[in-house]
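Here is my note on this model. Please read it with the sequence and the 3D view side by side.

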Amino acid sequence: MTILPSILEILKHRGISSKEDVEEFLSAKPQKTYDPFLLNNMEAGVDLILSAIESGAKICIYGDYDTDGVTSVALLRDVLLELGGDVTYYIPSRFDEGYGLNSSALDKIKAAGTDLVITVDCGCTSVEEARHAEELGMEILITDHHSMKERIPECLIINPQHPQCPYPFKSLAGVGVAFKLAQALVETTGMPKRVLTRNLDLVCIGTIGDVVPLVDENRMLVKYGMKALNITQRPGLKILIEKIGLHLGVISSRNVGFIISPHINAAGRMENATLAAKLMQEKNPSKAAEMADLLIDCNIKRKNIQQNLVERAEDLLKDRNPDDKYLLVKFDDAHEGVIGIAASRIKEKYSLPTIIVTSIDDGYCKGTGRSPEGVNLFGILSKYEHLFERFGGHAAACGFTIKEDKIEELKSALQQETSALYRLNKEPFEGVIKPEAILAPEEVSMEFINQQKFLEPFGKDNPEPIIGVELRDYKTFRMGSEGQYMRLVGTMESGESIKAVDFDRADEHQDILDKAELKGLKVTAVGTLEEKIWNGESSLQINLKAVNI
């Protein structure tokens, strides 16, 4: 197959240019993986687990309450049970216990007779809590992938972000780290590899759900994981997939990111993530169906509450200072389970680092932040860690607990830091959308659509390609009950027409098009190109992201 020049240009734009790298990236069977024992403390961690199993010790897997944490718990428990371990798990409540290890939960875990705690997707900032676990007489192994601070727990830590870790790929999800631990256990014990392959569906869901970069080893894990997901034999997951209207065999990475993962996440956002963890492990179809229905109800509630919160936040932001290069919205009563995703929606609209804070009790607030590509919000706030009672996260997302009387100081810090960053580089703050390739008229074709599929799975750092198509003339039509959407029919230099639709920034793009028309200027329609099938007829359509003159 001859690769189109535009596809090669997109790959080059993403740092993939050598023949070997292009072949690996486009391969149906990528091979980019690394020895799990390159992870710092892996050998000691495997020895600890196998010694615990051999002695009959009781093991508790302690996970986070998001999709990454839930899938990590289910994966590691499956592998440890296969090894004959006595294994339970614990996922804290977002509302009562918060993110990461907490001492009261460890007290309960100890009271249940636990000898060894293994964390997944959390723990690397829980210094005092890890010490508390050891004071209780429990051994602890932390597996995590989040950014680490100067002070770290004094126990075994497996984390590619560890300053002493030589692992060549630093961006594994929590479930990716759990999978590498499982891989090391399989290699050490000689267990059949099917123990790993049957869990690749969970690796795929957790990795996409945590929005880590879909490059390098993550890409390989997700590519094989998508195949495993589309033939999954996991009863609970199969029933959830059926009930939310998806079909095995044709599930895409987009389906995982926008449909499957939000349903799994909804349990932790609305009630308790243990529900989702149980569903991932449930073998009884009738019980699984009940759990799936509960998850679907949770997700419906989540969407309604989220929409309301976003609308309230946008009302408050109408009076913001337009010169501010960050957004901080404070509520007295926001639902803690949706402030993160609401912050993400606001961030996407304004292309500014966004924090939503809500009061909890006794003069304290919880906050969640999201940041556009190119702005390291975790790095900014790490400089002011003294303001927080608890704090953690990574470049694009973070969470914290703060005393209410310190919020003004936090605003001052954000104002100072984001203004300085803006002076250095305005682009991340302005939401500028540039095409990765300008398609010649002959490349606006099904051949491009077919070759674009080789770039999947799409996600962070490997998004659906943003292309540009030059138009010499165009007509626009408004759609929607209030004319809030736009359809565009443009003519390319070849004389052929192309359709585009705009569901996000119709008014803004209409103004640009009207001005260009008055001046007799050509425009470039910028967006994603996809095939649309209507009444059996196939056509190409641009999902408009920007209009450039």
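1. Start with Asn265, which lies in helix α12 (residues 253-270). Helices here are DSSP runs of H or I with at least four residues, strands are runs of E with at least two, and both are numbered from the N terminus. Is Asn265 buried or exposed? Asn265 counts as buried because its relative accessibility is 10%. Buried means under 20% relative accessible area, exposed means over 50%, and partly exposed lies in between (1.4 Å probe, protein chains only). Asn265 touches Tyr65, Asp66 and Thr67, leaving aside residues up to four places away in sequence. Contact means heavy atoms within 4.5 Å.

2. A word on the source. This is a predicted model, in which local features need pLDDT of at least 70 and side-chain atom pairs count only at pLDDT 80 or more, while totals for chains, interfaces and linings use all residues. Residues are numbered from 1 along each chain as its sequence is written, and side-chain values use heavy atoms, with hydrogens and water left out.

3. Next, the packing of α12. Helix α12 packs on helix α14 (residues 285-317) at an angle of about 75°, with the axes 8 Å apart. That makes the two helices roughly perpendicular. The cut-offs are under 35 degrees for roughly parallel, over 145 for roughly antiparallel, 65 to 115 for roughly perpendicular, and oblique for the rest. Axes are lines fitted to C-alpha atoms, for helices over the stretch in contact, and angles run from 0 to 180 degrees between N-to-C directions. On the α12 side, the contact includes Pro262, His263 and Ile264. On the α14 side, Leu295, Ile296 and Cys298 are among the residues involved.

4. Now helix α10 (residues 216-229). Its 14 residues reach 20 Å from first C-alpha to last, close to the 20 Å expected at 1.5 Å a residue. The expected span is 1.5 Å times one less than the number of residues. How many residues of α10 are buried? The count is 11 of 14, so α10 is mostly covered. Among the buried ones are Met220, Leu221 and Val222. The cover includes α7 (174-189), α11 (235-243) and α12.

5. Turn to the open sheet. Its 5 strands have the order β2-β1-β3-β4-β5, with parallel pairing. Two strands pair if DSSP finds at least two bridges between them. Which strands form the edges? They are β2 (86-90) and β5 (156-158), and each pairs on one side only. Neighbouring strands are turned by 20° against each other on average, direction ignored.

6. 5 of its 6 residues are buried, so β1 is largely enclosed by the rest of the structure. Strand β1 runs parallel to β3 (residues 116-120), joined by 5 bridges. There, Gly63 has Val120 as its bridge partner. β1 also pairs with β2 in the parallel sense, over 5 bridges. Here Tyr62 stands opposite Tyr90.

7. Last, the hairpins. Strands β13 (residues 473-479) and β14 (residues 485-491) run antiparallel and are joined by 7 bridges. Tyr474 has Gly490 of β14 as its bridge partner. This hairpin has 5 residues between the strands, and Gly480 takes a positive phi near 95°. β14 also runs antiparallel to β15 (residues 497-502), over 6 bridges. Leu488 stands opposite Ala500 in β15. That hairpin has 5 residues between its strands, and Gly495 in the turn has a positive phi of about 95°.
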